[in-house]
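Please keep the view open while reading, and look up each residue as it is named.

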Amino acid sequence: LKMKITASNIAEMQCAKEFSEHKARVNSLNYSNDGMHMISSSDDESIVLYHCDTGTKDRSLNSKKYGVDLIHFSHNVTDAIHCSSKVDDTIRYLSLHDNKYIRYFSGHSKKVITLAMSPIDDTFISASLDKSIRLWDLRSANCQGLMQLQHKAIAAFDPEGLIFAAGVNSEQIKLYDLRSYDKGPFTTFQFDLESTCDWTSMKFSPNGKQILMCTNGEHMKLVDSFTGNVIHELKGHKNTRRNALEATFSPDSNFVFCGSSDLSIYSWSAETGSIVAQLPTTHTPFLQQVAFNPRFYVLASACSNVHFWVPSDDE
């Protein structure tokens, strides 16, 4: 990032590219670690790859047999893992190069709601409505670790790939050491049970100091990852459809972005918790997905179309 991200230049961001490759809701956006590539998946069972340096589409693939959800690059941009939206709840490891499956990861008996790749190795984590969290290794079809919980959970890796967090029953965050997760969590943060919404996904800030709890309501929690204190409740956006809104941090961890049912992208200061920008979009009829590039000043947003946002030329 050559350009510093500030509240004023966020407010001046403009939509530079629009892609209308998908014909239904985009259900996930994911960047490669180097920020040069992005991938999107849709309820129409299609997958689209993009070049971020040129802002162009690379190619499209389909997963008609199993459907596709929660797609993620592995550690190279030629492969991806994704959940299934039909047939069963198997996680699939796909070669994007020749559109063939490399491996299947079976074990979950209900819909997978979290899928996350370790930032450092071939480990990945999944959480399901079957109230379990599973750890996997891309090189083996066998589950490497299983945590059976009393309630539904979501999960995330920290940026160092040394610990993972589980958000349980919209009221607890449990932190596990990856090397000794079988001993149970080393810390549990307890919160008041969410009365108006559910936690739908969680993310560590890039600097590892905060955990963002995304919800299907009209607020998000920003939690101190060391103390468990709620730093801010991020509010002001709308969510009339009770969508699982997917939020994102800027690469410097200073700002949070989320879509809204008023079809604007909202940005908050992670320091103050206040809204710093509201960017109107041409998305319709909803805006559920946003993702900030980990290396470049580019924000992606999606309804069924995918938009790339960049700083204004005036900046």
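1. I begin with the residues around the largest cavity, whose lining divides into 3 nonpolar, 3 polar and 1 charged residue. The residues that line this cavity are Lys-152, Ala-153, Ile-154, Gly-167, Asn-169, Ser-170 and Trp-199. Please bear in mind here, and in every later point, that this is a predicted model.

2. How much space lies in the largest cavity? The computed value is about 40 Å³, and the structure holds 1 cavity of 30 Å³ or more.

3. Strand 18 is joined by 5 bridges to strand 19, which covers residues 210–215, and the two run antiparallel. Within this pairing, Lys-203 has Leu-212 of strand 19 as its bridge partner. The hairpin made by strand 18 and strand 19 has 5 residues between the strands, and in this hairpin Gly-208 takes a positive phi near 80 degrees.

4. Another part to examine is an open sheet of 4 strands, which follow the order 10-11-12-13 with antiparallel pairing. Strand 10 (112–117) and strand 13 (140–148) each have a single partner strand and stand at the edges, so one side of each is left without a neighbour in the sheet. From one strand to the next, the twist averages 20 degrees.

5. In general, strands of a sheet pair through backbone hydrogen bonds, either parallel or antiparallel.

6. Is Ile-39 buried or exposed? Ile-39 belongs to strand 3, which runs over residues 37–42, and its relative accessibility is 0%, so Ile-39 counts as buried, the cut-off being under 20%. Leaving aside residues up to four places away in sequence, Ile-39 touches a set of residues that includes Ser-28, Leu-29, Ile-47, Val-48, Tyr-50, Phe-73, Ala-80 and Leu-96. For Ala-80, the separation from Ile-39 is 41 residues in sequence, while the C-alpha to C-alpha distance in space is 9.0 Å.

Terms used: Residues are numbered from 1 along each chain as its sequence is written. This is a predicted model: local features need pLDDT of at least 70, side-chain atom pairs count only at pLDDT 80 or more; totals for chains, interfaces and linings use all residues. Side-chain values use heavy atoms; hydrogens and water are left out. Buried means under 20% relative accessible area, exposed over 50%, partly exposed in between (1.4 Å probe, protein chains only). Contact means heavy atoms within 4.5 Å. On a 1 Å grid over the protein atoms alone, a cavity is a set of points where a 1.4 Å probe fits but cannot get out, and a pocket is an open set with protein on both sides within 12 Å along at least five of seven lines; lining residues have an atom within 4 Å of a point. Grid points are joined across faces, edges and corners, and a volume is the space filled by probe spheres set on the points. Ala, Val, Leu, Ile, Met, Phe, Trp, Tyr, Cys and Pro count as nonpolar, Asp, Glu, Lys and Arg as charged, and the others, Gly among them, as polar. Two strands pair if DSSP finds at least two bridges between them. Axes are lines fitted to C-alpha atoms, for helices over the stretch in contact, and angles run from 0 to 180 degrees between N-to-C directions.
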